[in-house]
Amino acid sequence: MSSWSGGDRAALAPEGAAAVVARKSTPEDEAVRDLALAAVDGHRAAGAASAAIDVCYLALADSPAEPTLHLALTEAYLDRGWRTLAGEKLVLLHRIAELDDDDVTRQR
């Protein structure tokens, strides 16, 4: 993944980025996380909240404590009108931030 240039990443359609996330080889690969977030943003912009949620689930399967993915999932839940799930996700994110002593995530 690290051999990709920034331009290559930007050129990927959300579906292409999601495919990369699905077959990634390193769970903590920041480039893959960034691709997942780009795919989520692309799907949300296209009004495809379900696809955005799917990408979040794929990425969270290997990086369950990644706060940016939890925030993206919360936003996609809100896009679907799933306020209860979004609230539950924020409670989980707060717990993760407390365990990691992550002030940045708590402030977000």
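The protein contains 7 helices and 0 strands, where helices (H or I, at least four residues) and strands (E, at least two) are DSSP runs numbered from the N terminus. This is a predicted model, in which local features need pLDDT of at least 70 and side-chain atom pairs count only at pLDDT 80 or more, while totals for chains, interfaces and linings use all residues. Residues are numbered from 1 along each chain as its sequence is written, and side-chain values use heavy atoms, with hydrogens and water left out.

**View 1. The protein as a whole.** From the N terminus on, the elements run α-α-α-α-α-α-α. Of the 108 residues in the protein, 36% are buried, a term that means under 20% relative accessible area, with exposed meaning over 50% and partly exposed lying in between (1.4 Å probe, protein chains only). Among contacts with a separation of 6 or more, 46% are between residues 24 or more positions apart, a contact being heavy atoms within 4.5 Å.

**View 2. Helix α5 and its surroundings.** Helix α5 (residues 67–80) has 14 residues and reaches 20 Å from its first C-alpha to its last, close to the 20 Å expected at 1.5 Å a residue; the expected span is 1.5 Å times one less than the number of residues. The helix is mostly covered, with 10 of its 14 residues buried, and these are P67, T68, L69, H70, L71, A72, L73, T74, A76 and Y77. The cover over the buried residues of α5 includes α3, α4, α6 (83–100) and α7 (103–107). Just after α5, G81 takes a positive phi of about 85°.

**View 3. The packing of α3 against α5.** Helix α3 (residues 30–45) and α5 pack at an angle of about 10°, with their axes 11 Å apart; axes are lines fitted to C-alpha atoms, for helices over the stretch in contact, and angles run from 0 to 180 degrees between N-to-C directions. The two helices are therefore roughly parallel to each other, as angles under 35 degrees count as roughly parallel, over 145 as roughly antiparallel, 65 to 115 as roughly perpendicular and the rest as oblique. On the α3 side, R33, A36, L37, V40 and R44 meet T68, L69, A72, E75, A76 and D79 of α5.

View 4. A76 is buried, with a relative accessible area of 0%, and, not counting residues up to four places away in sequence, A76 touches R44, A49, A52 and I53. The C-alpha atoms of A76 and V40, 36 residues apart along the chain, are separated by 8.1 Å. T74 is likewise buried, with a relative accessible area of 5%, and the side chain of T74 reaches the backbone oxygen of H70 at 2.9 Å. Beyond four places in sequence, T74 touches A86, K89 and L90.

**View 5. The buried side of α4.** Helix α4 (residues 49–62) has 14 residues and reaches 21 Å from its first C-alpha to its last, close to the 20 Å expected at 1.5 Å a residue. Its buried residues are A49, A52, I53, V55, C56, A59 and L60. They cover an arc of only 160° around the axis, which puts them on the same side of α4, the arc being that of the directions from the helix axis to the C-beta atoms.

**View 6. The loop between α6 and α7.** D101 lies in this loop and is exposed, with a relative accessible area of 57%. Although D101 is not a glycine, it has a positive phi of about 50°. Most residues other than glycine have a negative phi.

Definitions and conventions: Polar contact = N/O pair within 3.5 Å; in protein donor to acceptor, adjacent residues only side chain to side chain.
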